[in-house]
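Hello,

Here is the structure I promised to pass on to you. Please have a look at it first, and then read my notes below.

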Amino acid sequence: MQTYFMQTPLGWLQIKGSEAGISEIGFIDEAPEEVSTRAVPACLQNCVAQLTEYFQGKRRHFDFVLKPVGTEFQQKVWHQLQEIPFGKTRSYLDVSLKLGEATYTRAVGSANGRNPLAIVVPCHRVVGSDGTLTGYAGGLWRKKWLLQFEGSSRQTELFGLNATENNLN
């Protein structure tokens, strides 16, 4: 397992993975003690390159191999999260209904909160049924920033966020 620390507009990301795929991408609140001055490990290069493009406004989708560790239900939820389009949001109920049962909302919320792949598995795009910003492991300020950056029209209307011009094709 290789680890790399990447600085972003939202602070540091810790990326972990191997040749089998990326297992973790998470925000850390303090600069790592040993900032990566070495080259990006080969197994993490595609991930780092695509995240860099995302933050430059040049990428909407990620296509590197993901290997998150979780229960079967969590994996299903994380797969559904990847179906939420860039610039759009869905409620916990929306995700529950996609999984086939409206009563799954709490379980969906729990799985969403345990998502080990920030940004790439876009749990930041899940909001309350009334459109309110709800918990985010990276902090609500990051969730708000990501939704603004992606130009989420629903959040722009609700919170007066100014959607950025991304010039993405």
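Let me start with one cysteine: C123 is buried, at a relative accessible area of 8% (buried is under 20% relative accessible area, exposed over 50%, partly exposed in between, with a 1.4 Å probe and protein chains only). UniProt, in an unreviewed entry, lists C123 under "active site"; UniProt positions are given in the numbering used here, feature names are shortened, and annotations may be inferred rather than shown by experiment.

Before going on, a word on the basis of all this. This is a predicted model, in which local features need pLDDT of at least 70 and side-chain atom pairs count only at pLDDT 80 or more, while totals for chains, interfaces and linings use all residues. Residues are numbered from 1 along each chain as its sequence is written, and side-chain values use heavy atoms, with hydrogens and water left out.

Back to C123, which sits in the loop between α4 (105–113) and β5 (126–127). Helices (H or I, at least four residues) and strands (E, at least two) are DSSP runs, numbered from the N terminus. Setting aside neighbours within four places in sequence, C123 has L81, N112, N115, Y136 and K143 as its contacts, where contact means heavy atoms within 4.5 Å.

As for the overall build, the protein chain has six helices and five strands, and from the N terminus on the order is β-β-β-α-α-β-α-α-β-α-α. The chain has 169 residues, of which 46% count as buried. Taking the chain's contacts between residues at least 6 apart in sequence, 58% of them join residues at least 24 apart.

Next, the sheet. Three strands form an open sheet in the order β1-β2-β3, paired antiparallel; two strands pair if DSSP finds at least two bridges between them. β1 (2–8) and β3 (21–28) are the edge strands, each with a single partner strand, so one side of each has no neighbour in the sheet. Direction ignored, neighbouring strands here are turned by 20° against each other on average (axes are lines fitted to C-alpha atoms, for helices over the stretch in contact, and angles run from 0 to 180 degrees between N-to-C directions).

A hairpin links β2 to β3 through two residues. Between β2 (residues 11–18) and β3 there are seven bridges, in the antiparallel sense. I15 has I25 of β3 as its bridge partner, and K16 stands opposite E24 in β3.

How much of β3 is covered? Six of its eight residues are buried, so β3 is mostly covered. S23 lies in this strand and is buried, with a relative accessible area of 10%. Not counting residues up to four places away in sequence, S23 touches M1, K16, G17, K67, P68, P116 and L117.

Last, the other cysteines. There are zero disulfides in the structure, a disulfide being a pair of cysteine sulfur atoms within 2.5 Å. C43 is in none, and the nearest cysteine sulfur, that of C47, is 9.7 Å away. C43 is also buried, at a relative accessible area of 17%.

Best wishes
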